[in-house]
There are 2 protein chains.
Amino acid sequence: MSDGCPIYKTNRDAIAVTKTIADIDTPTVLIDIDRVEANLRRAQAHAEQEGYALRPHTKTHKLPQFAKLAIELGAVGITVQKLGEAEVMADAGVTDIFLPYNIIGPLKLARLKALNARITLSVTADSSDSVAGYAATFTADQALTVLVECDSGGGRCGVQTGAQALELARQIIAAPGLRFGGLMTYPPLHGVAKSNAWLSDAIALFDTAGIAVPRVSSGNSPDMWEPAAAPVTERRPGTYIYFDRIEVREKVATLDDCALTVLATVVSRPTATRVVLDTGSKSLSSDLVGMDGYGLVMGTELVIKTLSEEHGVIEMPTPSDWPRIGDRLRIIPNHACVVSNLFDTVTVVSGDNVSGTLKVVGRGRVD
Amino acid sequence: MSDGCPIYKTNRDAIAVTKTIADIDTPTVLIDIDRVEANLRRAQAHAEQEGYALRPHTKTHKLPQFAKLAIELGAVGITVQKLGEAEVMADAGVTDIFLPYNIIGPLKLARLKALNARITLSVTADSSDSVAGYAATFTADQALTVLVECDSGGGRCGVQTGAQALELARQIIAAPGLRFGGLMTYPPLHGVAKSNAWLSDAIALFDTAGIAVPRVSSGNSPDMWEPAAAPVTERRPGTYIYFDRIEVREKVATLDDCALTVLATVVSRPTATRVVLDTGSKSLSSDLVGMDGYGLVMGTELVIKTLSEEHGVIEMPTPSDWPRIGDRLRIIPNHACVVSNLFDTVTVVSGDNVSGTLKVVGRGRVD
C-alpha cells in the first residue's frame with residue numbers, strides 16, 4: 001500500500017491499536033482493511049492487464065474513504081446509484097462520478113444541475129422523457145454528459161434495440177445542454193457475451209450513422225474476471241471490494257477474500273442444538289438470493305437458518321455445548337451491499353485489531 | 001382524537017398545509033396519520049373490552065411520538081427489541097419500557113443499569129447465564145425486573161419447559177438486585193391456544209411452588225383480535241399501527257387500514273408491459289414472507305415482481321401506456337417494520353396533504 005492511502009495509514013500508524021474485536025459490542029459490521037486493499041488491488045491489476053477502465057460501484061460500501069482509495073489505486077472515477085449518494089461523494093472530494101440512472105422530476109433535476117456544476121458527472125437516459133428533462137435543465141456552458149442505457153438482456157431499465165439507442169443519442173446530440181457520452185448496460189448474470197453482442201450490434205448502427213461512441217460501460221462483480229471483450233471500455237463492479245457469500249457461490253472469490261463480516265453475540269441456547277444470535281434481518285437483511293440460510297459463520301459450515309428482525313437462529317447438526325451464551329461469532333452475509341445500508345457506522349479491523357470506525361455517510365441517501 | 005395528541009394537533013392545526021404529496025420527492029415513506037390514529041384506537045378499545053394490558057411493540061415505527069400517542073390512548077407502556085431503542089425512547093420521555101431480550105455482556109449491562117435508574121424497565125432471561133449477568137450488575141436499591149422468556153412453540157428464544165421457567169424464576173428471586181416480573185413468550189403464528197396452554201401448565205407449577213406470576217406477556221399483530229384468554233395479562237402487537245400486506249393476508253386488517261406506503265416514481269418504461277420504479281430493496285426490503293411480489297401498488301392489483309437495490313419492476317398484465325414516466329405510485333410493502341428501518345425520516349400525511357416529517361430516531365439502534 002502506498003503512503004498516500006489514508007485508511008491504511010490510519011490503520012497502521014496514526015492510531016495506536018488499543019482495542020481488539022473482543023472489546024467492542026455487537027452487532028457490529030467489521031471491515032477487514034487488508035482484504036479490502038487486496039480486493040481493490042487485484043481488480044485494478046486485472047483492469048490494467050485487460051485494458052479497460054475500472055469505475056467501481058460504491059453502493060456496496062457508501063464510504064468516500066474507500067471511493068478515494070480505489071481512485072488512488074487507478075480507478076477512473078466511481079459509480080453511484082442515487083443522486084443523494086453522488087452528492088455525498090462529491091462533498092467528500094470525489095471529482096468524477098457516474099450515476100447510471102434516469103433522473104426524473106424538477107426537484108432532482110435542480111440538484112443534478114448543481115452537482116454537474118462542481119464535478120465531472122455523467123448520467124443515463126433510456127427514454128425521450130428522460131432526455132427532455134435533461135435538455136430543459138442544462139445549458140451549453142455546463143453541459144451534462146448523458147449515456148444511453150441499454151437493456152442487453154438484464155430485463156430492468158434500458159432501450160430494447162440498437163435503433164432506439166441511436167434515436168436517443170440523436171436527441172441527446174441535438175440538445176445544446178447535453179453531450180452524448182456513450183452506451184451503458186447492466187449485463188445479465190453470466191450473460192456478458194450476449195450483452196456484448198447486443199452492444200456491438202448497436203455500435204455498428206452508430207458507425208453507419210457516423211456517431212462516435214465515447215464510452216461503453218458495462219460490468220458487475222460476478223463476471224469481473226472475464227477477459228477484455230469489445231466493445232466494452234469501462235466496467236462497474238461493486239461488491240468485489242468486500243465480496244460475500246453470493247460472490248463465493250459464483251466462484252469470483254473465496255471465503256478468505258470476504259472483507260465484511262457482522263460480529264454477533266450468542267444471546268440464547270434454548271436447546272442443545274439451537275443457537276440464537278443478536279443478528280436478525282435488521283443486521284443481515286433478508287436477502288436469500290437462492291442461498292442456503294442468511295449468512296455463514298466464519299470458519300465453520302454453520303449457517304443462520306431462520307431469522308426475525310433481531311434474532312438469527314442456527315441449528316447445530318448435533319447437540320453441542322459450543323457456542324456458549326456470550327460467545328462471539330463473525331457472520332459472512334449473503335449480500336454485503338445491503339448490510340452496509342443497515343448500519344450507520346462500520347468498524348475497520350486488521351486481523352483482530354480495531355483501527356476505528358467509519359461513518360457510512362452514503363447510507364440512507366434514498367433519493 | 002383528544003386535544004392532547006401532539007402529532008394530530010400538528011397535523012390539523014399548528015402547521016398550515018402548504019404541501020401535498022405531489023410536492024415531495026421520492027422514494028419517501030408516507031404515514032397516513034388518520035389510519036395510524038384509527039389503528040391505535042381500535043387496538044386500545046379491544047384491549048379494554050377484553051381486559052388485557054396493551055404494551056405496543058415500537059420496533060415497527062421507532063418513533064417516540066407514536067409511542068407516546070399509544071400511551072396517551074391507554075397503553076400501559078411500550079415494548080422495544082434493542083437496548084439502543086429503549087435508550088432513545090427513554091430520552092424522549094417514555095417512562096415504562098419492556099425490553100424482552102437477553103442482555104448479554106458488560107458493555108450492555110452497564111447501559112442497562114443506567115437506563116433502569118431512570119425509567120420503569122423490565123427485561124427477560126431464558127438462561128442462568130443471563131440471570132447471572134443481571135444479578136452481578138443490579139442491587140436492591142435499584143432492582144431490575146426480569147421476566148422469564150418461554151418458548152411456547154415459536155422456536156426462537158425461551159426455556160423449553162415449565163420446570164425450567166420455575167427454576168429460573170427461583171434464581172431471579174434469590175438475587176438481591178432482581179425482581180421476578182412474570183412470564184413472557186412470543187407465540188407461534190396462529191398458535192395462541194397452544195401457547196396459552198403451555199403458559200397455563202407452567203403457571204400451575206408456580207402456584208404449587210407458591211410463587212406469584214405478576215405479568216404474563218404474549219401477543220403479536222396477526223393474532224391481535226383474538227379474545228381474552230387466560231393466563232395472558234398483557235399483549236405486545238407492533239405492526240398493527242401501520243399494518244401491511246402480510247397482515248392483510250392474515251386477515252387482521254384490510255388494505256384500507258394500511259397506514260405506511262412508500263411513494264415511488266416511475267423512472268423507466270422499457271416496454272409496453274414493463275414499469276420500473278425508483279423503489280428497490282433499499283426502500284422496500286427483500287422480505288417476501290411467502291407473498292407474491294415485494295409490494296402492492298395502492299389502488300390496483302399490480303405488484304412489484306422483481307427488485308434490485310434501487311429498482312422495482314412491475315410487469316403489467318397487458319400492454320399499457322399507464323403509468324407513464326414521472327407518474328407517482330404508492331406502494332404498500334409486505335412488511336412495514338423493516339421499511340421503517342431503511343429510512344431516516346418519514347413524511348406524515350392526511351389524505352394528500354403533507355403535515356411534516358418525523359426523524360426515525362430509533363432507526364439504526366442496532367445494539
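Predicted model: local features only at pLDDT ≥ 70, side-chain atom pairs only at ≥ 80, totals over all residues.
Chain A contains an open sheet of 8 strands. The pairing is parallel. The strand order runs E3-E10-E9-E8-E7-E6-E5-E4. Strand E3 (53-54) and strand E4 (78-79) of chain A form the edges, and each pairs on one side only. Within the sheet, strand E6 (residues 120-125) of chain A pairs with strand E7 (residues 144-150) of chain A. This parallel pairing extends over 4 bridges. In it, A:Ser122 lies opposite A:Thr145 of E7(A).

Two helices of chain A also pack together. Helix H7 (residues 162-174) meets helix H8 (residues 192-209) at an angle of about 45°, and the axes are 8 Å apart. Because of this angle, H7(A) is oblique to H8(A). The crossing of H7(A) past H8(A) is right-handed. From H7(A), the contact draws on A:Gly162, A:Ala163, A:Ala165, A:Leu166 and A:Ala169. Their counterparts in H8(A) are A:Asp201, A:Ala202, A:Leu205, A:Phe206 and A:Ala209. By class, this helix contact comprises 8 nonpolar, 1 polar and 1 charged residues.

Chain A also touches chain B. Each side is counted separately: 47 residues come from chain A and 47 residues from chain B. On the chain A side, helix H5 (106-116), strand E11 (260-268), helix H10 (281-284) and helix H11 (336-340) each contribute at least two residues. The residues of chain A that touch chain B include 13 nonpolar, 19 polar and 15 charged.

Conventions:
Residues numbered from 1 in each chain as written. Chains lettered and ligands numbered in written order. Pairing = 2+ DSSP bridges. Contact = placed C-beta atoms within 7 Å. Nonpolar A, V, L, I, M, F, W, Y, C, P; charged D, E, K, R; others polar. Axes fitted to C-alpha atoms, helices over the stretch in contact; angles between N-to-C directions. Parallel < 35°, antiparallel > 145°, perpendicular 65-115°, else oblique. Left-handed = near helix turned anticlockwise from the far one by under 90°.
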